Structure formats: structure tokens, C-alpha cells
Amino acid sequence: MGTLSGRRVVLGVTGGIAAYKAVEVCRRLVDAGAHVSPIMTDRAREMVGAATFSALASEPTRTSLFHDPDTPIPHTVLGQQAELVVICPATARIISDIRTGRSADLLTATILATRAPVMVCPAMHTEMWEQASVQENLEVIASRGVLIVGPERGRLAGGDLGEGRMADPETIVAAIERTLAPGDLVARRVLVTAGGTREPIDAVRYVGNRSSGKQGHAVAAEAAARGADVVLVTTKPEQAPTGVRVVAVETAAEMATACALEAPDAEIVVMAAAVADFRPAEIVEKKLKKHDGAPSVELVATADILADLGARKPSGQVLVGLAAETDDLVANAAEKLRRKKLDMIVANDVSKPGVGFEHETNEVIVLMADGTRHHVPLSDKRDIARAVLDAAGALLDTDRPSSPVDPTNQEQE
Ligand code: CTP
């Protein structure tokens with residue numbers, strides 16, 4: 001089941017060069033299970049053909065208020081059915097039209113005829129983007145609740161570089177997922193760690209492990225998609241999902257410091273990182289030279305971050321560990337659950353094909369502190385993330401009042 005299964009999205013495409021990227025947004029939305037109704041303005045059709053969206057979306061592209069024998073008043077039907085209207089790309093003209101309430105064509109009429117949230121993804125040249133008129137229009141529509149995603153800095157049409165490039169399709173779809181999230185984790189503070197730590201030997205070498213960070217990143221992405229406020233402490237920041245606050249670390253000690261800072265506020269902590277258990281006792285500042293012969297590297301134990309978090313767990317916090325095992329899966333994981341004072345542990349047998357390190361898939365047994373357990377068969381790491389957060393979410397204190405969250409929050413560190 002997709003993250004947007006059955007959700008109705010009107011995709012309004014206006015006349016910017018970035019219209020070609022809206023094709024990718026459309027495809028991703030449909031892949032996520034959304035019902036996408038495309039509307040194109042006349043100028044958008046100068047950029048991309050209506051047939052492209054008709055082929056990819058859930059229904060044919062609409063371009064006009066008139067001449068549709070099946071839907072004589074399409075703007076009201078589309079506006080009433082929509083759960084979200086996304087304008088992608090949004091030109092300076094449509095932003096101005098939204099501000100003034102102008103109804104000039106099917107898209108502007110639909111925006112007026114809907115009670116659903118409206119999201120705009122601006123795309124224009126830097127000079128246009130920086131115009132006081134454009135900025136003021138955006139400020140006004142944002143203050144009325146219109147969600148603004150992007151733009152970013154990057155390459156623009158004609159080879160220029162600057163602010164005004166439309167947000168990436170992945171970012172836009174993540175913002176849509178957050179806006180339409182079922183919301184069981186809305187405004188919940190979630191801390192996730194991911195990736196293998198690297199413990200330096202000298203200036204260029206390190207002791208590491210094979211963790212790809214994929215399972216932790218999938219948990220972070222899923223939590224953000226459900227509306228949580230996510231902090232991701234990761235050794236693979238370049239692969240982090242959008243919509244989460246990223247804290248980049250390299251060593252176990254850096255991860256421990258970041259966790260000590262972030263964990264006290266978190267309501268759910270998922271420790272998916274493969275933390276090195278040992279590090280070189282000394283780090284040689286320069287590069288060790290081959291002609292000096294093979295060095296002997298003395299290893300010393302690192303701190304057990306999860307056990308420390310367990311010892312200092314604030315009341316109400318749900319603490320989740322992962323256990324990578326090659327034998328006695330349940331017994332070993334249950335022992336870690338008790339020793340580290342966890343609420344649940346997600347155990348995987350990494351000796352099985354397709355399970356754990358570097359794979360896109362995983363197979364796990366989720367063990368709860370009350371002794372119950374359930375098996376999640378081999379599936380995509382995002383599905384495993386869903387099962388983990390279902391179980392963790394069920395342990396949350398439901399009496400806590402939740403604060404409102406900004407679904408467009410894209411902050412990254
Ligand atoms: N963990 C941690 N700090 C460490 C080692 C592990 O926080 N120094 C966490 C991992 O992120 C994981 C859990 O503890 O959530 C279990 O990790 P695992 O490597 O399976 O267990 P270990 O405690 O390291 O025990 P062993 O290596 O003997 O299996």
C-alpha cells in the first residue's frame with residue numbers, strides 16, 4: 001500500500017520551464033497511490049504536452065473551464081474532491097493570481113473553489129524571485145495558509161545559477177506526504193540514528209562496518225511522512241531523506257554527543273546505527289607510512305550509546321534498539337532488550353539472504369518489553385520502518401497535548 005493510497009491531489013501545472021519536473025512529481029504521486037487530477041494552463045502546454053500528464057496521471061489532463069461534456073463545471077468538482085491542490089511549478093503570475101483571488105482559467109477557478117490546502121512550488125529566475133512584489137505576494141498567501149515548498153538555489157534555465165530553482169520532485173512529494181499524513185505521529189519528536197560509525201586509525205584510515213544507513217533513513221522518512229518532527233543523526237548525511245533535521249556525525253563519540261543532546265527531548269528514539277564497539281586507542285594525526293611497517297592497532301571499547309540512553313530514559317519515552325545477529329536471534333535480542341532497558345528491539349538475522357546490511361530489504365522480529373513479539377517477513381525497508389513505528393507509536397502516551405507542526409519544514413543542517 002502506498003503512502004498516499006487513494007488520496008486525491010489536483011496537480012496544477014503552470015508555464016515555467018520546470019514543468020518538465022512536474023511530470024516526475026506526477027509519476028511519483030501515482031506510484032505512492034495518489035489519485036492525481038492534472039490541470040494545465042495554456043502556457044504550461046507550451047512547455048510540456050498535455051498527453052504526457054494524461055498518460056501518467058489518474059485521469060486525463062484538463063485545460064479548460066469549458067467543452068468537457070462529462071463535467072460541465074469542472075472547477076467545483078475538482079475543488080470539492082481535492083484533498084490537496086499542488087501548483088508545480090508556480091510562476092510569478094499564478095502566485096499573484098492566488099493573492100488577488102483572480103479567476104482567469106480552470107486552475108485559478110479550482111484554487112478558488114477548494115477548501116483543501118493549497119501548496120505552491122515556485123520556480124523562476126532569481127531576478128523575478130527577488131522582486132519585492134513576488135516576495136510580498138508569497139508572504140500574504142503564506143499568511144493565509146498556502147504552503148510554500150522551495151525554491152532552492154541551483155541551475156536555472158539558460159544556464160544561470162541562483163535562487164529560484166524549483167524544489168526537487170522528491171522534496172515536493174515528501175512535503176505532500178507530510179501534508180496528507182495520516183497524522184498518527186503529528187508533532188511527535190522522533191530521534192533516529194543511522195549508518196555505521198568510522199573510527200579513525202590515522203589521517204586517512206579508519207575502522208568501519210558495512211552498514212548502509214538505509215534502514216535508519218527509512219525509519220526517519222516514514223516518521224516524517226506521518227507528521228513527526230524528526231532529528232536524524234547519521235554517518236551518511238548525503239543520503240538522508242528530505243523533511244528531517246540532519247545531524248552529521250562520523251565516530252561513535254560524536255554520535256554519543258549528538259544523542260546525549262537530542263535524546264532528552266525525544267518521545268521516540270530509534271537507534272538504528274551500527275555503532276562501532278571498539279575504536280583505536282590512539283589516533284595518529286598524520287598518515288602512517290608503508291615503509292615504517294605494519295602498525296599494531298590497539299583497540300579500546302566505545303561507550304554503549306543505547307545502554308546509556310536506557311539508563312537515563314525520561315518517563316514516557318519509547319526507546320527502540322536494533323539487533324543484528326547471526327545466530328540465536330531471539331535469545332540474543334531479548335538479552336539486549338533487558339540489558340539496555342529498551343521498550344522494544346528489532347532483531348534481524350543478517351546471515352540470511354536479502355536481510356540487513358546494504359540490502360534494500362529486511363526481515364525482522366520485533367520483540368516488546370512485555371514479552372510479545374511479531375515477525376515481519378522479507379519486505380522493503382520502508383515497510384519494516386512502518387511496522388516499527390506502528391509498534392513504537394502504540395506505546396506513546398496518548399494524553400500528551402501535541403503542538404502544531406509546519407508540514408513544509410524542510411530544515412536541514
Ligand atoms: N549500540 C549502541 N552503542 C554501541 C553498540 C551498539 O548504541 N556501542 C546500539 C545499536 O545501535 C543497536 C543496539 O545497540 O541499536 C544493538 O547493537 P548490536 O551491535 O546488535 O549489539 P551490541 O550491544 O554491540 O552487542 P554485540 O556486538 O555483542 O552483538
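## Around the ligand

In this predicted model, the ligand is surrounded by 16 residues, and the closest of them are M271, A273, L306, K336 and K340. Sorted by class, that shell holds ten nonpolar residues, four charged ones and two polar ones.

Where does the ligand sit? Its place is the largest pocket. Two elements, α12 (305–311) and β16 (318–325), each contribute at least two residues to the shell. The biggest share comes from β16, which gives four residues.

## Polar contacts and burial

If you are setting up a pose comparison, the backbone is a friendly place to begin. A backbone N or O atom of L306 lies 2.8 Å from an oxygen atom of the ligand, and L306 is also listed with the closest residues of the shell. For A303, a backbone N or O atom is 3.0 Å from a nitrogen atom of the ligand. A polar backbone atom of A324 lies 3.4 Å from an oxygen atom of the ligand. On its own the ligand would expose 570 Å², of which the protein buries 78%.

## A parallel sheet

Now to one of the sheets. Five strands make up an open sheet with parallel pairing, in the order β2-β1-β3-β4-β5. Its edges are β2 (35–40) and β5 (147–148), each of which pairs on one side only.

How many bridges join β1 to β2? Six bridges link β1 (residues 8–13) with β2, and the two strands run parallel. Within this pairing, L11 has P38 of β2 as its bridge partner.

Definitions and conventions. Residues are numbered from 1 along each chain as its sequence is written. This is a predicted model: local features need pLDDT of at least 70, side-chain atom pairs count only at pLDDT 80 or more; totals for chains, interfaces and linings use all residues. Side-chain values use heavy atoms; hydrogens and water are left out. A residue is near a molecule or strand if one of its heavy atoms lies within 4 Å of it. A polar contact is a pair of N or O atoms within 3.5 Å; within protein, one must be able to donate a hydrogen and the other to accept it, and residues adjacent in sequence count only if both atoms are side-chain atoms. Accessible areas come from the Shrake-Rupley method with a 1.4 Å probe; for residues, only the protein chains shown count as cover. On a 1 Å grid over the protein atoms alone, a cavity is a set of points where a 1.4 Å probe fits but cannot get out, and a pocket is an open set with protein on both sides within 12 Å along at least five of seven lines; lining residues have an atom within 4 Å of a point. A molecule sits in a cavity or pocket if more than half of its atoms lie within 2 Å of its grid points. Ala, Val, Leu, Ile, Met, Phe, Trp, Tyr, Cys and Pro count as nonpolar, Asp, Glu, Lys and Arg as charged, and the others, Gly among them, as polar. Two strands pair if DSSP finds at least two bridges between them.
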